[in-house]
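Please look over the sequence and the model below before reading on, and keep both in view. The paragraphs that follow are meant to be read slowly, with one part of the chain in mind at a time.

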Amino acid sequence: MSAEPNTPIVSRLADADMQAVPAALVRAAQSARELAARKGTPLVVVRDGELVEAAVQSEIVAPSVAVTLAH
């Protein structure tokens with residue numbers, strides 16, 4: 001799945017749960033970038049079909065907004 005940065009990804013599947021998947025993947029990717037930046041570890045990504053370790057700089061990673069779920 002290749003998309004331009006900041007381009008919303010839309011699921012073409014009719015299932016309501018599957019409609020939430022693209023947003024969840026974006027949140028998971030952002031969380032991984034933030035964690036790698038905080039810990040000073042490389043982020044493993046796929047580029048041109050190969051796994052590579054990419055350095056993440058904390059200045060370019062915006063902190064995420066915490067969400068509290070009510071029970």
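Predicted model: local features only at pLDDT ≥ 70, side-chain atom pairs only at ≥ 80, totals over all residues.

Residues are numbered from 1 along each chain as its sequence is written, and side-chain values use heavy atoms, with hydrogens and water left out.

The protein chain holds two helices and two strands, where helices (H or I, at least four residues) and strands (E, at least two) are DSSP runs numbered from the N terminus. Read from the N terminus on, these elements follow the order α-α-β-β. The accessible surface of the protein chain is about 6400 Å², and 58% of this surface belongs to carbon and sulfur atoms; such areas come from the Shrake-Rupley method with a 1.4 Å probe, and for residues only the protein chains shown count as cover. Of the 71 residues in the protein chain, 13% are buried, a word that stands for under 20% relative accessible area, whereas exposed stands for over 50% and partly exposed for what lies in between (1.4 Å probe, protein chains only). If a contact is taken as heavy atoms within 4.5 Å, then 23% of the contacts with a separation of 6 or more in the protein chain join residues 24 or more positions apart.

How do the two strands meet? Strand 1 (residues 43-47) and strand 2 (residues 50-54) are paired in the antiparallel sense over five bridges, and pairing here requires that DSSP finds at least two bridges between two strands. Val45 stands opposite Val52 in strand 2, and the bridge partner of Arg47 in strand 2 is Glu50. Arg47 itself belongs to strand 1 and counts as partly exposed because its relative accessibility is 49%. When residues up to four places away in sequence are not counted, Arg47 touches Val52 and Ala54. In a regular strand, side chains alternate between the two faces of the sheet.

Although Asp48 is not a glycine, its phi is positive, at about 55°. Asp48 counts as exposed because its relative accessibility is 83%.

After strand 2 comes a segment that contains Val56, a residue that counts as buried because its relative accessibility is 18%. Val56 and Arg38 are 18 residues apart along the chain, and their C-alpha atoms are separated by 9.1 Å.

Helix 1 (residues 16-19) includes Met18, which counts as partly exposed because its relative accessibility is 33%. Together with Leu13, Val21 and Leu25, Met18 forms a nonpolar patch on the surface with about 320 Å² of accessible area. Patches are made of residues with over 30% relative accessible area and no salt bridge, joining like charges within 9 Å and nonpolar side chains (Val, Leu, Ile, Met, Phe, Trp, Tyr) within 5 Å; a salt bridge is a side-chain nitrogen of Lys or Arg within 4 Å of a carboxyl oxygen of Asp or Glu.

The confidence of the model remains to be described. The predictor's confidence in each residue is its pLDDT, from 0 to 100; the mean for the protein chain is 77, and 70% of its residues reach 70 or more. Among the elements of the protein chain, the mean pLDDT is lowest for helix 1 (84) and highest for strand 2 (93). Over residues 65-71, the pLDDT is below 50, and this stretch has zero contacts in the model beyond near neighbours in sequence.
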